[in-house]
Amino acid sequence: MEPIPRFWASRTTTVPTRRRGEVPVDVWGWSDSSREDALSRAERRAQDLAARGIEDTRAAEYYPGRPVREEILEEVRGDDGALLAVITRNRYGAAVLNTDAVLIADVDLPASALARGRRGSGRGAGPAAGAGGERPSLLGRLFGRRAQASAAAADEAGAGAEARTGTGSDDAPGVSDALDATPEATAVRERVEAFAGAHPDWGVHLHRTAAGFRVLISGTGAAPASEQARGILDELGSDPLYVRLCAAQASYRARLAPKPWRVGRAALGVRWPAEGRAADEYASWVRDFESSCAGSAACRRVWWNGVEPTSDAERRLLTLHDERSGADSGQALA
């Protein structure tokens, strides 16, 4: 896969806008080699932005318009040195697997199904702003998504998850069973099993998440930005926003850690890269968050069609995903 930039630098420029006149905007540059190169790119981008102006300052650094700006936690390479995956820390603080070697589909259940799961468990309907109780993000609004847009995909986009304290896991006692019994969850499982039957040479792995399902597929060879990948993701019912992000970033993504508010923590309030006091706050938050993750998992294995991976790279990444996400741990989903 293409490397995720390790070096970032910003420049502030004054940009003309239609509604607010000239406003200051922080413009980021990136590089795989040095901070100096990142700064040069930031200066070029700032000059271009100042010359052409923008409609909305919030869209100046819109996520698909540039690589993902996240701390690199780990790079996974093959025996030949080829980059297979990168684990990063996303905007709200969770570790995320980025790879193009295994297709990953994100299938969220509608807010109505999540609410029925809570009611069926006796927990009540809970927040109704979106899947898992999160608000729709700027990213969803820019794509014209309605208020019921998938919070999971919006969070993965790093487009504005609120810094809030925990709302509680959707996998609290009874909720998971009640959610699994909804017609929507049954329909997803049946759809995935039918898909596997139609593609007997591909390995299909179905996992439950707190707000829906995750499907990992080996053997497709489908690049994230390809029409084949789009067709597979659409067929599985993956969130349209996630499909667009995969194409824009040339990478599939899977969260490996709980969402902070599901383990009683506020979202990470410091953007990366952080310096000085902000860096200390960043490190302190990470320590506290990781201590809160004990006993929680990002997903749970549900079903596998038994088809083995076609390459060592796929086998390695599937194993890494399951180990880091707690897929077989039996822990509560968060």
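Of the 334 residues of the chain, 51% count as buried. Buried means under 20% relative accessible area, exposed means over 50%, and partly exposed lies in between (1.4 Å probe, protein chains only). The model is predicted, so local features need pLDDT of at least 70, side-chain atom pairs count only at pLDDT 80 or more, and totals for chains, interfaces and linings use all residues. Residues are numbered from 1 along each chain as its sequence is written, and side-chain values use heavy atoms, with hydrogens and water left out.

The chain has 10 helices and 12 strands. These are DSSP runs, numbered from the N terminus: helices are H or I with at least four residues, and strands are E with at least two. Contacts tell how the chain folds back on itself. A contact means heavy atoms within 4.5 Å. Among contacts between residues at least 6 apart in sequence, 69% join residues at least 24 apart.

Now go to the interior. A nonpolar core is a set of buried Ala, Val, Leu, Ile, Met, Phe, Trp, Tyr and Cys residues joined through side-chain atoms within 4.5 Å. The largest such core has 60 residues, and the members that touch the most others are Leu103, Val215, Ile217, Ile232, Leu236 and Tyr252. Helix α6 gives this core its largest share, five residues. Look at Ile217. Setting aside neighbours within four places in sequence, Ile217 is in contact with Val102, Leu103, Phe195, Trp202, Gly203, Val204, Ile232 and Leu236.

Helix α8 holds Cys246. Cys246 is buried, with a relative accessible area of 2%. Not counting residues up to four places away in sequence, Cys246 touches Pro224, Ser251 and Tyr252. Asn98 is 148 residues from Cys246 in sequence, yet their C-alpha atoms are 9.7 Å apart in space.

Two backbone features deserve a look. Most residues other than glycine have a negative phi, and most peptide bonds are trans. Ala250 has a positive phi, near 55 degrees. Ala250 sits in the loop between α8 and β9, and at 34% relative accessibility it counts as partly exposed. Pro273 is in the loop between β9 and α9 (277–292).

Rolling a probe the size of a water molecule over the atoms shows where empty space is left. On a 1 Å grid over the protein atoms alone, a cavity is a set of points where a 1.4 Å probe fits but cannot get out, and lining residues have an atom within 4 Å of a point. Grid points are joined across faces, edges and corners, and a volume is the space filled by probe spheres set on the points. The structure holds four cavities of 30 Å³ or more. Which residues line the second largest cavity? They are Arg69, Glu70, Arg89, Asn90, Arg91, Leu268, Val270, Arg271, Trp272 and Tyr282. By class, this lining has four nonpolar, one polar and five charged residues. Here Ala, Val, Leu, Ile, Met, Phe, Trp, Tyr, Cys and Pro count as nonpolar, Asp, Glu, Lys and Arg as charged, and the others, Gly among them, as polar. Arg91 lies in the loop between β4 (83–89) and β5 (95–99). Arg91 and Trp272 are 181 residues apart in sequence, but 7.9 Å apart in space, C-alpha to C-alpha.

Finish at strand β10 (residues 296–297), the place of Ala297. Ala297 is buried, with a relative accessible area of 1%. Its C-alpha atom is separated by 4.8 Å from that of Gly326, 29 residues apart along the chain.

Notes. 1 Å grid on protein atoms, 1.4 Å probe; cavity = no way out; pocket = protein on both sides within 12 Å on 5 of 7 lines; lining within 4 Å.
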